[in-house]
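Have the sequence and the 3D view open as you read.

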Amino acid sequence: MNPPSPDIRVSRRAATRLRSGHPWVYRSDLEGEPALPRGGLVRVLTDRGEFLGSALASSSSQIALRMIAAQPLTESDLPALIAARVREAINYREHLGIPNVSNAYRLVFSEADQLPGLIVDRYDDVIAFQALTQAMDEPEIRKQVLATLRKALSPAAIVERVDPKIREKEELESRPGGLAFGEKTTAIVSMKPDAGSAPVRLHYDAAAGQKTGAFLDQRENYAAAIPYAHGDALDVFCYQGGFAMHLGRVCSSVVGVDSARPALEAAERNVELNRESLRVPEMEWIEANAFDLLRDWSAAGRKFGTIVLDPPAFAKNKRSLPTAIAGYKEINLRALKMLEQGGKLVSCSCSHHVTEEDFLAMLAQAARDARRRVRLLEVRGQSRDHPVVAGIPETAYLKCVIAFVE
């Protein structure tokens, strides 16, 4: 029989936040200085002893508790609960019809799927996962996650992707990642802009790339850009060419810019993969610092009909927000100066500390300084396989603005 989970009391501020639906308790909101079980289960109580729910604890993170259930649980309940949540997450994507338009999508999105600290992505028959918290890295939990994925999806392989910085913060043992099941580490993924279109195909290599290997959260934004794009296109921070390949359907030429040579080499392989099945225009890949290139090209008077800006997260925390906004304004200002009359701007931010309001205000300032009038055609977020949950603003992190520039 399992010993009872320890009781942890939290501040009134934390209790209010939990009751509103947010699943986190910060270390500063713990009452007293309780010893938290490393990755273990705790009962969360108000400062007056009222039961609020069950949470997974971290002995090191500033997010000390992550709620996992509204009812009391024991450690023996966790594996079955985790398995059920993984199945529910898979069913949710199937209900949305996402497998009908792509064989690459997010299966589990941490708190958005009530599986805090777990990320799972599908790339055809290869599954990639990340355990980002002490609880999700526990051997029994990992075992249950892998078993559930194998039973539900029958993948050829399951690969663990490791983020060393996060593992260090969570005081998790260092390990290289790699195959957790099977032997396959590569796949060809496809993305259909719509049901009647031929798919864009992209190489996936589980041993390379960022995050779990690709930026699946932009999949629907790739498709959304197609009806607006025209002329010569510039894809800045292009990574492996996701936007560029989709723009290639309608643009006369595409230039992709990234500072990472391996990413550009992968983009070139993606061009060859699609050359016969799609209309692939002239494509050029440039290894460069985006800030320097945009400044030089705007000064030189280069013009494009369509420009995509999809940079990495500039704001890693709230303290870096002013610097991040300045960075976004700089690249958007340069892009606006380079767009032809009637050109289209696709501008993105994946920094969750930068709100949609912040981002639109930045774009307005950049437009004013560039002396361009900007009409917003669409203001978008991440793909539907990355659910946004009401009451958890951190789940809504991606902003994608498509604009008409006069």
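## Helices and loops

Helix 9 has 18 residues and stretches 26 Å from its first C-alpha to its last, close to the 26 Å expected at 1.5 Å a residue. That expected span is 1.5 Å times one less than the number of residues, and helices (H or I, at least four residues) and strands (E, at least two) are DSSP runs, numbered from the N terminus. Before going further, a word on the source: this is a predicted model, in which local features need pLDDT of at least 70 and side-chain atom pairs count only at pLDDT 80 or more, while totals for chains, interfaces and linings use all residues. Residues are numbered from 1 along each chain as its sequence is written, and side-chain values use heavy atoms, with hydrogens and water left out.

Back to helix 9. Its buried residues are Ala 324, Gly 327, Tyr 328, Ile 331, Asn 332, Leu 333, Arg 334, Ala 335, Leu 336 and Met 338. Here buried means under 20% relative accessible area, exposed means over 50%, and partly exposed is in between (1.4 Å probe, protein chains only).

### Two helix pairs

Two packed helices are described by the angle between their axes and the distance between the axes. The axes are lines fitted to C-alpha atoms, for helices over the stretch in contact, and the angles run from 0 to 180 degrees between N-to-C directions.

| Helix pair | Axis angle | Axis distance |
|---|---|---|
| Helix 2 (residues 78–95) and helix 3 (residues 139–153) | about 35 degrees | 9 Å |
| Helix 8 (residues 290–300) and helix 9 | roughly 30 degrees | within 9 Å |

What about handedness? Helix 2 passes helix 3 in a right-handed crossing, whereas the crossing of helix 8 and helix 9 is left-handed. A crossing is left-handed if the near helix is turned anticlockwise from the far one by less than a right angle, and right-handed if clockwise.

Helix 8 brings Phe 291, Leu 294, Arg 295, Trp 297 and Ser 298 to its meeting with helix 9, which supplies Gly 327, Glu 330, Ile 331, Arg 334, Lys 337 and Met 338. Contact means heavy atoms within 4.5 Å. Sorted by class, this contact has five nonpolar, two polar and four charged residues. For the sorting, Ala, Val, Leu, Ile, Met, Phe, Trp, Tyr, Cys and Pro count as nonpolar, Asp, Glu, Lys and Arg as charged, and the others, Gly among them, as polar.

Now the other pair, helix 2 with helix 3. On the helix 2 side the contact uses Leu 78, Pro 79, Ile 82, Ala 83, Val 86, Arg 87 and Ile 90, and on the helix 3 side Ile 141, Gln 144, Val 145, Thr 148, Leu 149, Ala 152 and Leu 153. These residues divide into 11 nonpolar, two polar and one charged. Glu 140 is also in helix 3, and counts as exposed because its relative accessibility is 52%. Glu 140 and Pro 79 are 61 residues apart in sequence, yet 7.1 Å apart in space, C-alpha to C-alpha.

### Helix 10 and its buried face

Which residues of helix 10 are buried? They are Phe 359, Met 362, Leu 363, Ala 366, Ala 367 and Ala 370. Seen down the axis of helix 10, these fall within an arc of 135 degrees, so they line one face of the helix; the arc is that of the directions from the helix axis to the C-beta atoms. Turned away from that side are the exposed residues Glu 357 and Arg 368. The cover over the buried residues includes helix 9 (321–338), strand 17 (339–349), strand 18 (374–380) and strand 19 (399–405). Just after helix 10, Arg 371 takes a positive phi of about 60 degrees.

### A few loop residues

Phe 237 has a positive phi of about 60 degrees although it is not a glycine. Phe 237 sits in the loop between strand 13 (232–236) and helix 6 (242–247), and is buried, with a relative accessible area of 16%.

Pro 387 lies in the loop between strand 18 and strand 19 and is buried, at 9% relative accessible area. Pro 387 is 275 residues from Ala 112 in sequence, but 5.9 Å away in space, C-alpha to C-alpha.
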